[in-house]
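Look at the structure below before reading on. The report then describes a few of its features.

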Amino acid sequence: MNEDFIISIIEMLGTFAFAISGIRHAAAKHFDWFGGYVCGIAVAIGGGTIRDVMLTTTPFWMTTPAYIICTALALLTVAFFGRWMEPLKNAWFVFDTFGLALFTIAGIQKSLLFGQPFWVAIIMGCITGSAGGVIRDVLLNNEPVIFQREIYAMACVMGGIVYWCCLEVQIPAELTAILTFLVVCIIRFLAVRYHVSLPILGRDEK
């Protein structure tokens, strides 16, 4: 299967998942439809745009209107089906985690496609996966999730390491993407479920 096609599919799935996450946060703050769409598009394309600018290529969403349309579909999904989705425990958290994992993979794949070394690809995967959430939180005047104690960006890093290990042992690209997706999601789910976090920098004053 063509690698560009795989990246496009992963980015589209990530766009939908992240857009729903961003729109849901906007809905919680009682934004109107336009405000919700802005938050959705910011989280959906923010990380990938930063990645593409750093790779000196045209941002992915400027090559086709599909990502803009995909975000609009996410807006309609939340607007019309949000009341049925809301009672589902952790439904929104799951969408955010799926988007994080999918965009991490897309960032790694695209960076390698542009001939970047693997350590750069892991960083780009982390930026692609987590930067959109930072933009969303800034727009909503929330503390960015990557600065909170819960594991977020580190899940991207661990996923990138798994991706590198899979390539080293010549596992097929499709299976590598699946394994990386599972690793990022499992780390994030377990970290939140069992309150796992990195050590706090410094100590509270007494």
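This is a predicted model: local features need pLDDT of at least 70, side-chain atom pairs count only at pLDDT 80 or more; totals for chains, interfaces and linings use all residues.

Residues are numbered from 1 along each chain as its sequence is written, and side-chain values use heavy atoms, with hydrogens and water left out.

**Helix α4**

Helices here are DSSP runs of H or I with at least four residues, numbered from the N terminus. Helix α4 covers residues 91-113, which is 23 residues. From its first C-alpha to its last it reaches 33 Å, close to the 33 Å expected at 1.5 Å a residue; the expected span is 1.5 Å times one less than the number of residues. Because 17 of its 23 residues are buried, α4 is largely enclosed by the rest of the structure. Buried means under 20% relative accessible area, exposed means over 50%, and partly exposed lies in between, with a 1.4 Å probe and protein chains only. After α4 comes Gly 115, which has a positive phi near 80°.

**Asp 96**

Asp 96 is part of helix α4. Its relative accessibility is 6%, so Asp 96 counts as buried. Its side chain makes a polar contact of 3.3 Å with the side chain of Arg 136. A polar contact is a pair of N or O atoms within 3.5 Å; within protein, one must be able to donate a hydrogen and the other to accept it, and residues adjacent in sequence count only if both atoms are side-chain atoms. Apart from neighbours within four places in sequence, Asp 96 is in contact (heavy atoms within 4.5 Å) with Phe 18, Ser 21, Arg 136, Tyr 152 and Arg 188.

**α2 and α4**

The axes of α2 and α4 are 11 Å apart, and the two helices pack at an angle of about 15°. Angles under 35 degrees count as roughly parallel, so α2 and α4 are roughly parallel to each other. On the α2 side the contact is made by Ala 44, Arg 51 and Asp 52, and on the α4 side by Phe 103, Ala 106, Gly 107 and Lys 110.

Most residues other than glycine have a negative phi.

Technical notes
Axes are lines fitted to C-alpha atoms, for helices over the stretch in contact, and angles run from 0 to 180 degrees between N-to-C directions. Angles under 35 degrees count as roughly parallel, over 145 as roughly antiparallel, 65 to 115 as roughly perpendicular and the rest as oblique.
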